[in-house]
Amino acid sequence: MTLAQKAGDVLARVRAQCPLIHNITNYVTVNDVANAVLALGASPIMADDIAEAADITAMSAALVMNMGTLHERTVASMLDAGKRANAMGLPVVLDPVGAGVSKLRNGALERLLREVRLTVLRGNLSEISFAAGLQAAAKGVDVSEADASKDPEAVAVAAAQRIHCVVAITGAVDVVTDGERVARIHNGHRMLSRVTGTGCMTSALVGACVGAVKDPFLAAVAGVASMGIAGELAFERAGAQGTGSFHMAILDALSHMDGPLMAQRGKIDEA
Amino acid sequence: MTLAQKAGDVLARVRAQCPLIHNITNYVTVNDVANAVLALGASPIMADDIAEAADITAMSAALVMNMGTLHERTVASMLDAGKRANAMGLPVVLDPVGAGVSKLRNGALERLLREVRLTVLRGNLSEISFAAGLQAAAKGVDVSEADASKDPEAVAVAAAQRIHCVVAITGAVDVVTDGERVARIHNGHRMLSRVTGTGCMTSALVGACVGAVKDPFLAAVAGVASMGIAGELAFERAGAQGTGSFHMAILDALSHMDGPLMAQRGKIDEA
Amino acid sequence: MTLAQKAGDVLARVRAQCPLIHNITNYVTVNDVANAVLALGASPIMADDIAEAADITAMSAALVMNMGTLHERTVASMLDAGKRANAMGLPVVLDPVGAGVSKLRNGALERLLREVRLTVLRGNLSEISFAAGLQAAAKGVDVSEADASKDPEAVAVAAAQRIHCVVAITGAVDVVTDGERVARIHNGHRMLSRVTGTGCMTSALVGACVGAVKDPFLAAVAGVASMGIAGELAFERAGAQGTGSFHMAILDALSHMDGPLMAQRGKIDEA
């Protein structure tokens with residue numbers, strides 16, 4: 001079986017199980033995140049008040065934490081929910097949006113890495129570089145030019161070994177690694193960077209997958225490749241119309257994503 | 001006149017009056033809620049800080065409170081705004097999103113039911129069951145399997161009689177009742193459950209209708225049936241493309257919703 | 001060179017420089033705001049916690065503050081970020097959403113006007129009238145009927161002279177003035193008022209432009225005219241389908257907006 005076929009099996013499991021995915025996320029892209037999770041066949045729930053966050057995690061199949069529009073208030077909720085997930089053996093995905101750009105985000109990331117065991121860490125090259133303790137010079141929430149020269153594969157492996165989790169770096173070629181196995185995903189389209197939230201959606205898709213299967217490496221490959229293929233399909237159908245139609249077509253494509261489509265379109269190789 | 005024709009008259013009144021509808025709602029679906037209210041011909045305003053919530057209610061034609069992504073902070077604002085609406089005789093719609101899933105939501109719902117007189121309560125079967133004090137086993141914000149076996153009509157009537165308001169339970173067949181009259185709405189499409197926020201939008205549409213006419217039973221029928229018909233039209237036009245296009249087509253359909261369309265497509269009978 | 005040609009040059013500069021634009025904004029329209037900024041070729045970052053707001057401003061090319069869904073918490077962040085922008089000589093755009101409708105918003109606006117030097121103030125006639133200290137009777141976040149009889153040009157000039165910044169009033173005809181020069185923009189379509197967030201997006205587009213060029217008058221003209229032209233193009237392509245498709249087509253049009261399109265479609269004259 002190829003990795004693409006295995007990733008396709010993960011997607012079939014998501015649709016069969018419809019796992020409940022708890023998202024503590026930002027208010028910019030939250031609607032797309034919920035709709036992306038629904039499109040893949042899982043069930044999203046959003047809750048970030050500390051009075052309920054851990055309880056919502058406890059009834060879910062996975063927790064996805066996203067640092068966009070971070071608040072002191074939501075950091076506390078993430079810590080609480082993350083610890084509950086750890087105590088119950090539930091998978092935890094972290095998207096360290098904007099890691100490196102402010103003391104608030106850096107401090108939050110440090111605490112999250114210290115106090116919560118992650119299952120998957122997904123971000124761009126700048127964010128993962130920062131998380132791995134490597135030097136990072138982030139420009140807003142996009143990849144900085146200094147970071148662009150780094151080797152994503154080396155950064156991802158270093159981060160995975162240091163943080164002891166699966167790491168996914170999305171970019172021109174996506175890299176997923178558990179520190180030993182390394183998958184490269186050659187799907188995607190650069191127009192994805194012209195719509196906000198494609199990274200956040202990818203992390204939530206990984207959450208949907210990791211909520212359905214036990215293998216976090218394969219789950220991360222399936223989630224990341226789903227967005228890549230959706231980007232290609234969306235570009236083919238709607239790219240010429242503009243970013244609004246492309247945005248909508250991403251969700252259309254995710255709602256048709258399944259095992260056969262992944263097996264057919266997934267361009268995934270293992271290093 | 002059929003109920004569908006009467007519901008059509010409600011929609012005509014909404015477009016003629018353009019009532020201002022105050023929404024205290026969640027950050028997941030708030031954009032769709034605002035656009036749904038606009039599409040039906042009313043005017044939305046969103047404000048949840050306790051420093052202004054009641055004042056915004058006072059200038060509005062109706063208040064819609066939605067418990068998604070609930071915070072302690074917004075619970076206080078809802079109580080304040082709800083009491084002001086009661087004092088001024090303004091209609092109040094409550095969407096108890098996730099009732100039953102956490103102490104935060106359950107405690108908030110209890111306080112809202114005790115301290116604010118509702119005009120319309122709209123939710124799914126799990127949420128309304130919980131609100132009516134019946135046993136509920138909610139799964140996230142969707143209907144749980146245990147609840148699915150209950151009779152929505154009996155639950156709605158019990159809730160309406162106990163809470164003394166109009167109750168709308170949306171599902172395969174929607175039920176609207178004031179505790180005596182019972183309307184069943186056979187519009188809708190199951191694809192509506194694959195887009196987040198269709199429930200929230202429905203509650204806000206009920207708010208737009210109840211802000212324009214004095215009869216809350218008829219207003220709830222009109223608001224609920226509008227979403228049902230919009231779902232059918234959206235599926236016919238865009239269902240095959242996927243959930244992104246379907247989502248957009250719901251708003252397209254709502255923006256064309258009016259008396260004649262309701263009279264023609266509404267499948268509403270009274271028990 | 002016509003004003004439309006000059007505005008076209010501004011757009012070319014935005015695409016060439018991709019300025020980072022910090023938005024402290026509401027949770028209703030924030031996704032559209034981010035996507036509009038991306039569509040025009042700039043890079044959005046959203047951050048409103050006081051622990052990072054000023055630091056995010058410091059790394060940005062411009063700050064855009066929007067008073068929708070205002071909170072006490074975000075007012076403090078706006079003041080902090082605004083002062084940092086002033087200290088660093090960075091441009092500041094304010095969208096006083098709902099100015100005049102509550103003590104919270106009016107108090108916040110007063111403090112912002114007193115403590116932060118604005119580069120551009122953009123709003124509707126009610127909001128700018130209120131900001132200028134003229135009498136205003138706002139209806140929600142739309143223009144009230146009493147205000148509709150005022151002369152936007154006179155209000156804009158008075159506001160610009162009093163507040164010492166560029167003022168843009170959007171409406172049937174948009175007016176942009178620095179208190180001396182007055183530009184009138186005859187682009188746009190009334191369907192723009194049937195989608196929430198077109199005003200917020202316009203302010204953010206002005207932010208993108210003012211982050212790329214030194215002339216705030218011209219930047220405001222370019223930002224405002226971009227939305228007007230996008231509204232026309234969106235109506236031509238998708239208006240008949242409804243407000244959902246129209247909404248998406250606005251973003252499509254913005255993603256194609258550039259110098260030649262502005263020079264060709266811009267209907268801008270100077271008083």
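**Notebook: three chains, a few stops**

I started with T119(C), which sits in the loop between α5 (103-115) and β5 (120-123) of chain C. I note at once that this is a predicted model.

Is T119(C) buried or exposed? I looked up its relative accessible area and found 19%. The cut-off for buried is under 20%, so T119(C) counts as buried. Next I listed its neighbours, leaving out residues up to four places away in sequence. T119(C) touches P91(C), V92(C), C165(C), V166(C), V210(C) and P216(C).

**Backbone angles**

I then turned to phi. Most residues other than glycine have a negative phi. I looked up two residues against that background.

C18(A) is not a glycine, yet its phi is positive, about 45 degrees. I found C18(A) in the loop between α1 (3-17) and β1 (20-24) of chain A. Its relative accessible area is 29%, so I wrote down C18(A) as partly exposed.

H164(B) is not a glycine either, and its phi is positive at about 60 degrees. Where does H164(B) lie? I placed it in the loop between α8 (152-163) and β6 (166-169) of chain B. H164(B) has 67% relative accessibility, so it counts as exposed. The cut-off for exposed is over 50%.

**Two helices in chain B**

Two packed helices are described by the angle between their axes and the distance between the axes. I looked up both values for α4 (residues 72-88) and α5 (residues 103-115) of chain B. The angle is about 15 degrees, and the axes are 10 Å apart. That makes α4(B) roughly parallel to α5(B), because angles under 35 degrees fall in that class. I also noted that α4(B) passes α5(B) in a right-handed crossing.

Which residues make the contact? From α4(B) I listed E72(B), V75(B), M78(B), L79(B), K83(B) and N86(B). From α5(B) I listed L104(B), A108(B), R111(B), L112(B) and E115(B). Sorted by class, this contact of α4(B) with α5(B) has six nonpolar, one polar and four charged residues.

**Chains A and B as copies**

Last, I compared whole chains. A rotation of 120 degrees, with 0.0 Å of shift along its axis, superposes chain B on chain A with an RMSD of 0.0 Å. The two copies are therefore related as by a three-fold rotation axis.

Which residue of chain B comes closest to the rotation axis? I found Y27(B), with its C-alpha at 3.5 Å.

I also checked the interfaces. Only 7% of the interface residues of chain B are also interface residues in chain A, so the copies meet through different surfaces.

Notes
Residues numbered from 1 in each chain as written. Chains lettered and ligands numbered in written order. Predicted model: local features only at pLDDT ≥ 70, side-chain atom pairs only at ≥ 80, totals over all residues. Heavy atoms only, no water. Least-squares fit on C-alpha atoms with pLDDT ≥ 70 in both. Contact = heavy atoms within 4.5 Å. Helix = DSSP H or I, 4+ residues; strand = E, 2+ residues; numbered from the N terminus. Buried < 20%, exposed > 50% of the residue type's maximum accessible area, 1.4 Å probe, protein only. Axes fitted to C-alpha atoms, helices over the stretch in contact; angles between N-to-C directions. Parallel < 35°, antiparallel > 145°, perpendicular 65-115°, else oblique. Left-handed = near helix turned anticlockwise from the far one by under 90°. Nonpolar A, V, L, I, M, F, W, Y, C, P; charged D, E, K, R; others polar.
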